Amino acid sequence: MRGLDSPAADAEQLEQASAQDVLKYGVENFHPRLTMACSFQKEESVLVHMLSEIEPSARVFTIDTGVLFGETLSAWKAFERRFGVQVEVLDARSPDEPWTAERCCGAAKVDALERALADVDAWVTGIRREQAPTRGATPKLERDERRGIWKLNPLADWTEKDVWRYIFEHDLPYHPLHDQGYASIGCAPCTRPGGGRDGRWAGQDKTECGIHE
């Protein structure tokens with residue numbers, strides 16, 4: 001695999017690359033052991049569209065906690081229709097246990113992620129530096145030391161306006177709750193309208209579910 005002997009050099013070069021070129025790098029170096037995390041938010045509208053044009057057989061997965069918004073399920077269907085992808089589903093539902101932010105948006109979600117990443121060399125995310133202070137230094141290519149794989153964040157330097165411009169220019173499907181003031185969308189019990197990630201776990205100290213920690 002080209003680039004794995006000098007990831008620091010590749011990472012530095014990729015900071016100047018477009019989102020499409022970061023994805024091309026990922027496909028060239030890691031496919032078919034590359035996967036993309038998808039929560040059907042606006043960032044994934046952009047990334048799934050780009051990835052489907054670069055490599056239609058690229059893997060895309062989502063984590064189903066069993067408490068997703070109905071609108072998320074609608075967006076899911078729209079993505080599969082428009083982009084021709086078959087989204088792999090990681091089951092994080094717990095029908096016999098009550099929902100809690102720590103369990104559902106914590107342990108169960110992270111466990112599902114570990115299963116999704118168990119047989120890959122790299123994964124793609126929709127993280128943007130603008131989303132939260134905790135994401136402000138996110139590089140476009142980084143080593144996921146926790147899992148011993150690579151992590152690509154092609155939209156790291158994109159603004160909210162960049163994302164919407166791309167969606168409208170390409171007439172892409174997007175999550176309908178974005179039109180109702182939800183900037184970031186997770187599970188229904190712990191998501192409220194709000195800018196950035198302010199609507200996630202509103203009223204709690206929690207800022208991340210553990211997936212990107």
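Two strands pair if DSSP finds at least two bridges between them. The views below show a predicted model.

**View 1. Strands E2 and E3 run parallel.** Four bridges join E2 to E3. Ile 63 stands opposite Leu 90 in E3. Of the six residues of E2 (residues 59-64), five are buried, so this strand is largely enclosed by the rest of the structure.

**View 2. Strand E1 pairs with E2.** E1 covers residues 34-37, and its pairing with E2 is parallel, over three bridges. Here Met 36 stands opposite Val 60 in E2.

**View 3. Six strands form an open sheet.** Their order is E3-E2-E1-E4-E6-E5, and the pairing is mixed. E3 (88-91) and E5 (141-144) stand at the edges; each has a single partner strand, so one side of each lacks a neighbour in the sheet. From one strand to the next, the twist averages 30°.

**View 4. Helix H3 packs against helix H6.** H3 spans residues 42-54 and H6 spans residues 160-169. Their axes lie 9 Å apart, at an angle of about 55°. That angle makes H3 oblique to H6. The crossing is left-handed. From H3, Lys 42, Glu 43, Ser 45, Val 46, His 49 and Met 50 meet Glu 160, Val 163, Trp 164, Tyr 166 and Ile 167 in H6. By class, this contact has six nonpolar, two polar and three charged residues.

Technical notes
Residues are numbered from 1 along each chain as its sequence is written. This is a predicted model: local features need pLDDT of at least 70, side-chain atom pairs count only at pLDDT 80 or more; totals for chains, interfaces and linings use all residues. Side-chain values use heavy atoms; hydrogens and water are left out. Axes are lines fitted to C-alpha atoms, for helices over the stretch in contact, and angles run from 0 to 180 degrees between N-to-C directions. Helices (H or I, at least four residues) and strands (E, at least two) are DSSP runs, numbered from the N terminus. Angles under 35 degrees count as roughly parallel, over 145 as roughly antiparallel, 65 to 115 as roughly perpendicular and the rest as oblique. A crossing is left-handed if the near helix is turned anticlockwise from the far one by less than a right angle, and right-handed if clockwise. Contact means heavy atoms within 4.5 Å. Ala, Val, Leu, Ile, Met, Phe, Trp, Tyr, Cys and Pro count as nonpolar, Asp, Glu, Lys and Arg as charged, and the others, Gly among them, as polar. Buried means under 20% relative accessible area, exposed over 50%, partly exposed in between (1.4 Å probe, protein chains only).
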